[in-house]
Amino acid sequence: MRHLLTTEGVARAELEDLMDLAGEFVDVLGRDIPKVPTLRGATVATLFYEPSTRTRLSFERAARALSADVLTFNPGTSSSAKGESLKDTALTLRAMGADLMVVRHGAAGAAHRVATWVDVPVVNGGDGAHQHPTQALLDAFTLRRHFGKLDGLRIGIVGDIGHSRVARSGIHAFSTLGAHVVLVAPPTLMPIATDGWPCRLTGDLDEVIGDLDVIYLLRIQVERGGHSGFTSLPEYVRRFGLDDERFARLHPEAVVMHPGPMNRGVEISANLADHPRALILEQVRNGVAARMAVLFRLLASPQEST
Amino acid sequence: MTSTDGAVIDAADVHRAIRRIAHEIVERHHGAEDVVLVGIHTRGVTLAHAIAESIAEIDGLELPVGELDIGLYRDDLDRRAGTRLSRTSIPVDIGGRPVVLVDDVLYTGRTVRAALDALSDLGRASAVQLAVLVDRGHRQLPIRPDFVGKNLPTGPGQRVAVRLEPIDGTQGVWIMDS
């Protein structure tokens, strides 16, 4: 594995390997000294062109727990405000000694482009509505820790699928690992082209909710135009929001996930977000370990080397 | 490698070496009650369990046995393909207790150096000693073992293969030219 740009086409063995590594890093993060010297001397650069709290912090925490140094690029206070291109910024950070770049950008394919410009590993930290592979990895890892495996799990992804890179990454990773994915959204929030996607589609949450092992709620993404996809927020909440009544119809072992940040009272009712069967903070915790696994695999032991 | 033909140390001698190391650990610690055995993956863990069994037979002591993976502490990571990590777990707090690190072969000393770093991140042992089945020489660091099964003079071009019954289905030590 040279880069991590997408979950599409990533083999099951590679996903399992990263989850195995993440399991060891959970142990490291639980120690009195939650830090190992593995990546001492390496520099991880984060280039985030879109607002992000948890993803960037999670990558930076992961890098530091492996003793790597972190270069943080912030477009708001930097030369990109003066019009520096993505390419020049990437080349500049490489020239400063970045050994790996984590790229988040509003344009689909941005991380792929960066990977063609620089000679170091690139991790896609989210590109437009396209992919967010480390989110899928941490979600799969969270499910594997909870259920033991993903094989046969029925996962319903609910919400603004059309604008969701979390959904696109998750669909491929979950199905590669043997889960059955169903996408639940009003037609206006479904992607236009879903041919060949390894999942089922429905517009009726209540039809499938009793069959689910996992209900994965997506954030209604106002900043990506989510509001235009339905007539009103109350209507969305009524048909697709997870409230106590719908929660009661879930399988008693079923769990609730959300990539954050949550709109309490929209996708999920305020009290259910704190329910013991909501794995939302578990996802955040596992995210650091999963990103450590990715950094370790890309920097410490590229598999094509001998 | 199904029989022990050509072995420089055969199965019975491996067993005797383990028993002798067990005796020496008990003797050196005047009873070994506080000692924690920590094996370095993979065969060091097997050896540590074998030493613990021997000590149980000798003195009736049940010593805790931990396992250590040093993959995160190596200084040659970029030269190792597809490093996999094994479990690191020590069932007791090593703080203030003597630890005996166990490995199959002592060679350059770099593995032990990494193990010492890994161990110090897990707690402050009162002392750390080193037990190895084979010391083949050619140290690159100032590290010496406290308990040795057998000293085997080897050339740097040679390879030492240790096989242990629980992992390999056969037992012994071989020297091979690589």
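Good morning. Please bear in mind throughout that the model is predicted.

I begin with chain B. Its secondary structure consists of four helices and seven strands. Reading from the N terminus, the order of these elements is α-β-α-β-β-α-β-β-β-α-β.

How do the dimensions of chain B look? The C-alpha trace spans about 45 × 40 × 30 Å along its principal axes. For 178 residues, a compact globule would have a radius of gyration near 16 Å; the value for chain B is 16 Å, so the two agree.

Next, burial and contacts. Of the 178 residues in chain B, 39% are buried. As for contacts between residues at least 6 apart in the sequence of chain B, 68% of them join residues at least 24 apart.

I now turn to chain A, and to one sheet in particular. Which strands form this sheet, and in what order? Four strands of chain A form an open sheet, arranged β2-β1-β3-β4, and the pairing is parallel. At the edges stand β2 (69–73) and β4 (122–127) of chain A, each of which pairs on one side only. From one strand to the next, the twist averages 15°.

Finally, one pairing within that sheet. Strand β3 of chain A, residues 100–105, is joined to β4(A) by four bridges, and the two strands run parallel. What stands opposite Val102(A) in β4(A)? The residue there is Val123(A).

That concludes the presentation. Thank you.

Definitions and conventions. Residues are numbered from 1 along each chain as its sequence is written. Chains are lettered from A and ligands numbered from 1 in the order in which they are written. This is a predicted model: local features need pLDDT of at least 70, side-chain atom pairs count only at pLDDT 80 or more; totals for chains, interfaces and linings use all residues. The radius of gyration is taken over C-alpha atoms; the globule rule is 2.2 Å times the number of residues to the power 0.38. A residue is buried if 20 or more other C-beta atoms lie within 10 Å of its own, exposed if 12 or fewer, and partly exposed in between; C-beta atoms are placed from the backbone. Two residues are in contact if their C-beta atoms, placed from the backbone, lie within 7 Å. Two strands pair if DSSP finds at least two bridges between them. Axes are lines fitted to C-alpha atoms, for helices over the stretch in contact, and angles run from 0 to 180 degrees between N-to-C directions.
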